[in-house]
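Work through the exercises below with the structure in view. Try each task before reading its solution.

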Amino acid sequence: MFCFQCQEAAKGTGCTIRGVCGKTPEVAGIQDVLMYFLRGLSVWSQKGREKGIEDEQVDRYIYESLFMTITNANFDHNRFTAKLQEGFSIRTSFKMKLQQGGVNVSEVDLPEAAVWEANSISEMEAKAFDAGILQLSLHEDIRSLRELMIYGIKGMAAYAEHAANLGFQEKSIFAFMQKGLAATLDNNITADKLIQLVLETGKYGVEVMALLDKANTTRYGNPEITRVNLGVRSNPGILISGHDLRDMEDLLEQTQGTGVDVYTHSEMLPANYYPAFKKYGHFVGNYGNAWWQQREEFETFNGPILFTTNCIVPPSKHHGYSDRIYTTGSSGLQGSKHIADRDGDGKKDFSEIIEHAKKCKPPLEIEKGEIVGGFGHNQVVQLANKVVDAVKSGAIRKFFVMAGCDGRMKERSYYTTFAEKLPGDTVILTAGCAKYRYNKLPLGDIGGIPRVLDAGQCNDSYSLVVIALKLKEVFGLNNINDLPIAYNIAWYEQKAVIVLLALLYLGVKNIHLGPTLPAFLSPTVAKVLVESFGIAPIGTVEEDLNVFLS
Ligand code: SF4
Ligand code: SF3
């Protein structure tokens with residue numbers, strides 16, 4: 001196996017024996033095969049689009065499959081082979097549709113990925129080596145640019161799926177994903193063309209996050225300032241993790257009146273900020289911290305855990321909670337029960353988890369108190385006068401965008417120390433699970449404005465951009481980089497890649513990225529990012545504070 005798509009890539013270069021994330025070589029291999037198949041299927045969808053033929057089933061299949069390959073989303077080998085099987089039949093139907101639409105479906109001159117098919121699981125597995133990243137791109141810089149784009153597209157796919165689950169779709173986003181995937185099979189593609197595609201990925205990253213923001217806020221209202229309870233009650237509970245708000249809605253509805261409480265974990269925390277979810281009296285609050293602390297926290301939670309998306313840490317046999325894990329949507333874990341997708345616009349059926357919860361002990365309290373969040377763009381814009389006055393009076397000297405991911409690498413304590421050492425006249429704007437490094441610190445407020453403003457999940461980084469653009473307008477500036485905002489982003493998986501590319505597309509410069517730069521950036525590509533956008537790795541807290549505050 002070879003995988004270097006996340007920040008934990010072994011030795012900073014790539015996992016070759018087994019993923020640091022827990023991905024086995026078999027799962028890594030079958031994920032590569034699925035990616036290979038998606039590239040080929042995208043060649044067909046491109047042919048269709050040239051003649052105005054689109055196919056919703058193909059679009060959905062592609063973004064769902066991409067999402068399954070995101071770090072820590074799906075560790076279930078069987079789900080990948082089933083997805084490939086489904087893909088072969090979708091491709092066959094699509095080719096018939098193309099033929100009926102007058103498209104030449106001759107397979108001559110097509111890349112092998114577009115025509116490859118396996119008749120058995122062992123044939124699928126046998127393709128893993130040829131489909132590997134190292135085999136598909138021989139030149140280091142071409143590989144780097146291709147993978148940078150692909151990882152951005154994976155993040156885009158995740159957000160597109162959440163939006164689609166709420167009934168919001170944008171065909172141009174699907175078309176771009178497929179254009180990008182098909183381009184990776186063009187062996188004559190130049191580095192310049194790939195750089196253009198990488199930038200275009202950022203453009204569609206902005207669009208998909210805007211679409212998801214619209215989907216979430218249309219359905220559930222605008223996030224509002226909320227005090228989120230961290231303690232527990234005496235009923236049994238279900239812990240819901242991941243990012244999918246539609247699953248949250250279905251679960252809250254079905255648990256109502258059952259005597260089972262619902263708690264959020266990790267990236268589901270921002271569900272607490274939405275008005276539509278506040279009406280549920282059995283929605284207690286948030287339990288625990290960022291994804292990587294789940295092994296301890298799931299033990300003490302005592303009840304079932306529902307993963308709607310990443311980040312799963314596969315439990316070992318020493319962990320007593322394995323039989324309490326359920327997955328749904330794109331997430332999966334071998335040996336855990338998977339809740340089937342909804343039928344059309346229907347509901348998912350969570351009755352099995354609810355019955356399981358009823359037999360469990362209530363959660364053990366690991367924390368008390370509250371944290372404050374809900375600073376989405378709508379809420380912050382309502383506070384705009386207060387914020388602008390604070391900036392004009394000098395009460396707020398600078399904002400620090402510290403969005404992104406958390407992770408288990410010990411160097412990430414940098415972000416806690418950085419937050420602690422920031423002067424009292426600065427405010428942190430955050431989104432994503434990166435916030436757990438500092439959202440429980442007693443950082444106080446500035447004239448009633450908390451010093452940590454949490455906009456929500458990683459996709460709500462879009463909110464931070466809207467806030468920045470609003471401030472630019474209010475201050476009458478021409479350039480977003482003239483604002484008193486510094487960017488110190490923590491990344492881990494591919495959703496952070498699309499957030500980063502979106503920021504670059506919007507012209508944000510001088511982003512510091514940590515705790516390490518991506519292993520998939522070749523020295524030349526890293527140099528381009530440094531020279532064109534001023535991207536820099538983090539240094540020590542003191543060095544970086546000096547740079548940012550000078
Ligand atoms: Fe390694 Fe990350 Fe790939 Fe897992 S996702 S195999 S940790 S690079
Ligand atoms: Fe976190 Fe996995 Fe990226 Fe949505 S839950 S930000 S790491």
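**Exercise 1: A ligand and its domains**

Domain 2 (226-358) and domain 3 (379-549) each supply at least three residues to the shell around ligand 2. The model is a predicted one.

Task: State which residues are around ligand 2, and how the shell divides by class.

Solution. Step 1: list the residues. Around ligand 2 are His 243, Glu 267, Trp 291, Asn 310, Cys 311, Gly 404, Cys 405, Cys 433, Cys 458, Tyr 492 and Glu 493. Step 2: sort them by class. The shell has six nonpolar, three polar and two charged residues.

**Exercise 2: The domains**

Task: State into which domains the protein is divided, and what distance separates the centres of domain 2 and domain 3.

Solution. Step 1: the division gives domain 1 (10-219), domain 2 (226-358) and domain 3 (379-549). Step 2: taken over C-alpha atoms, the centres of domain 2 and domain 3 are 29 Å apart. Step 3: their contact involves 21 residues from domain 2 and 19 residues from domain 3.

**Exercise 3: Two packed helices**

Task: Describe how helix α2 (residues 56-68) and helix α7 (residues 140-165) pack.

Solution. Step 1: the angle is about 120°, and the axes lie 8 Å apart. Step 2: roughly perpendicular covers 65 to 115 degrees and roughly antiparallel is over 145, so α2 and α7 are oblique to each other. Step 3: the crossing of α2 and α7 is left-handed. Step 4: residues of α2 in the contact include Arg 60, Tyr 63 and Phe 67, and those of α7 include Ile 153, Lys 154 and His 162. By class, this contact of α2 with α7 has seven nonpolar, two polar and four charged residues.

How values were computed
Residues numbered from 1 in each chain as written. Chains lettered and ligands numbered in written order. Predicted model: local features only at pLDDT ≥ 70, side-chain atom pairs only at ≥ 80, totals over all residues. Heavy atoms only, no water. Axes fitted to C-alpha atoms, helices over the stretch in contact; angles between N-to-C directions. Helix = DSSP H or I, 4+ residues; strand = E, 2+ residues; numbered from the N terminus. Parallel < 35°, antiparallel > 145°, perpendicular 65-115°, else oblique. Left-handed = near helix turned anticlockwise from the far one by under 90°. Contact = heavy atoms within 4.5 Å. Nonpolar A, V, L, I, M, F, W, Y, C, P; charged D, E, K, R; others polar. Near = heavy atom within 4 Å. Domains from an automatic or database assignment.
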